[in-house]
Amino acid sequence: MIPGYFVTIDADECLRLLGEGSIGRVAWASSRGLQVLPVSYTLIGNAVVFTIAEGTILGELTEPVDVAFEVDDLELSTSTGWSVMAQGRTTAFAGDLEALRSLPWVAGHKDVPVAIELGFLAGRSVSADAP
């Protein structure tokens with residue numbers, strides 16, 4: 001039997017894994033209570049960047065808001081995976097809008113870019129025992 005593991009991922013590896021992802025979940029204390037919503041994103045430097053539609057609950061993130069952002073990759077057939085959680089504050093994205101051309105993957109106009117300036121990263125890698 002090969003023993004499973006539960007390993008902490010360092011900040012550099014967390015940032016690399018965030019860079020490989022495209023769908024994550026943003027969480028914050030909204031005006032309607034706690035929200036955890038999926039977004040398509042890209043990593044630009046040390047910021048997670050995604051676009052939102054005005055008039056939605058995500059519109060609250062155009063103002064500075066403390067948020068958590070989570071991305072994971074789990075393989076059920078092998079009982080392995082990893083998860084990265086970031087904490088940061090939202091800000092208006094002031095970078096090159098061409099970098100966001102692939103966003104979003106959901107239909108509709110979502111043309112307000114938001115960035116999460118990352119302040120804290122934590123991650124875990126896990127595997128169950130294998131026969």
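How many aromatic pairs does the structure hold? The answer is one aromatic pair, and we will come to its geometry below. Do keep in mind that this is a predicted model. Buried residues account for 35% of its 131 residues. Among contacts between residues at least 6 apart in sequence, 68% join residues at least 24 apart.

**The aromatic pair**

- The structure's one aromatic pair is formed by tyrosine 41 and phenylalanine 69, edge-to-face, at 5.0 Å centre to centre and with 80 degrees between the planes.
- This pair links distant parts of the chain, since tyrosine 41 belongs to strand 3 (residues 33-44) and phenylalanine 69 to strand 5 (residues 66-75), 28 residues apart.
- Tyrosine 41 counts as buried because its relative accessibility is 3%, under the 20% cut-off.
- Phenylalanine 69 is buried too, because its relative accessible area is 1%.

**The nonpolar core**

- The largest nonpolar core has 26 residues, and those touching the most other members are Leu18, Val26, Trp28, Phe50, Leu61, Phe69 and Ile116.
- Two or more residues each come from helix 1 (11-20), strand 2 (23-30), strand 3, strand 4 (47-52), strand 5, strand 6 and strand 7 (112-127).
- Strand 7 gives the most to this core, with five residues.
- As general background, nonpolar side chains in soluble globular proteins tend to be buried together.
- Leaving aside residues up to four places away in sequence, isoleucine 116 touches Val26, Asn46, Ala47, Val48, Phe50, Val67, Phe69, Gly88, Arg89 and Thr90.

**Strand 7 and its partners**

- Strand 1 (residues 5-9) pairs with strand 7 in the antiparallel sense over five bridges, and valine 7 stands opposite serine 125 of strand 7.
- Strand 4 and strand 7 also run antiparallel, joined by six bridges; here threonine 51 has proline 113 in strand 7 as its bridge partner.
- Strand 6 pairs with strand 7 in the antiparallel sense over 13 bridges, with valine 114 in strand 7 as the bridge partner of alanine 92.

**Helix 1**

- Which residues of helix 1 are buried? They are Cys14, Leu17 and Leu18.
- These residues lie on the same side of helix 1, because they cover an arc of only 105 degrees around the axis.
- An α-helix has 3.6 residues a turn, so residues three or four places apart point the same way.
- The cover over the buried residues of helix 1 includes strand 1, strand 3, strand 5, strand 6 and strand 7.
- On the face turned away from the buried side, helix 1 carries the exposed residues Asp12 and Glu20.
- At the start of helix 1, a side-chain oxygen of aspartate 10 comes to within 3.2 Å of the backbone nitrogen of aspartate 12.

**A backbone detail at serine 79**

- Serine 79 is not a glycine, yet it has a positive phi of about 55 degrees.
- Where is serine 79 placed? It sits in the loop between strand 5 and strand 6 (80-92).
- Serine 79 counts as partly exposed because its relative accessibility is 40%, a value in between the cut-offs of 20% for buried and 50% for exposed.

Key: Residues are numbered from 1 along each chain as its sequence is written. This is a predicted model: local features need pLDDT of at least 70, side-chain atom pairs count only at pLDDT 80 or more; totals for chains, interfaces and linings use all residues. Side-chain values use heavy atoms; hydrogens and water are left out. Rings of Phe, Tyr and Trp (its six-membered ring) pair if their centres lie within 6.5 Å; planes under 30 degrees apart count as stacked, over 60 as edge-to-face and the rest as tilted. Helices (H or I, at least four residues) and strands (E, at least two) are DSSP runs, numbered from the N terminus. Buried means under 20% relative accessible area, exposed over 50%, partly exposed in between (1.4 Å probe, protein chains only). A nonpolar core is a set of buried Ala, Val, Leu, Ile, Met, Phe, Trp, Tyr and Cys residues joined through side-chain atoms within 4.5 Å. Contact means heavy atoms within 4.5 Å. Two strands pair if DSSP finds at least two bridges between them. The arc is that of the directions from the helix axis to the C-beta atoms. A polar contact is a pair of N or O atoms within 3.5 Å; within protein, one must be able to donate a hydrogen and the other to accept it, and residues adjacent in sequence count only if both atoms are side-chain atoms.
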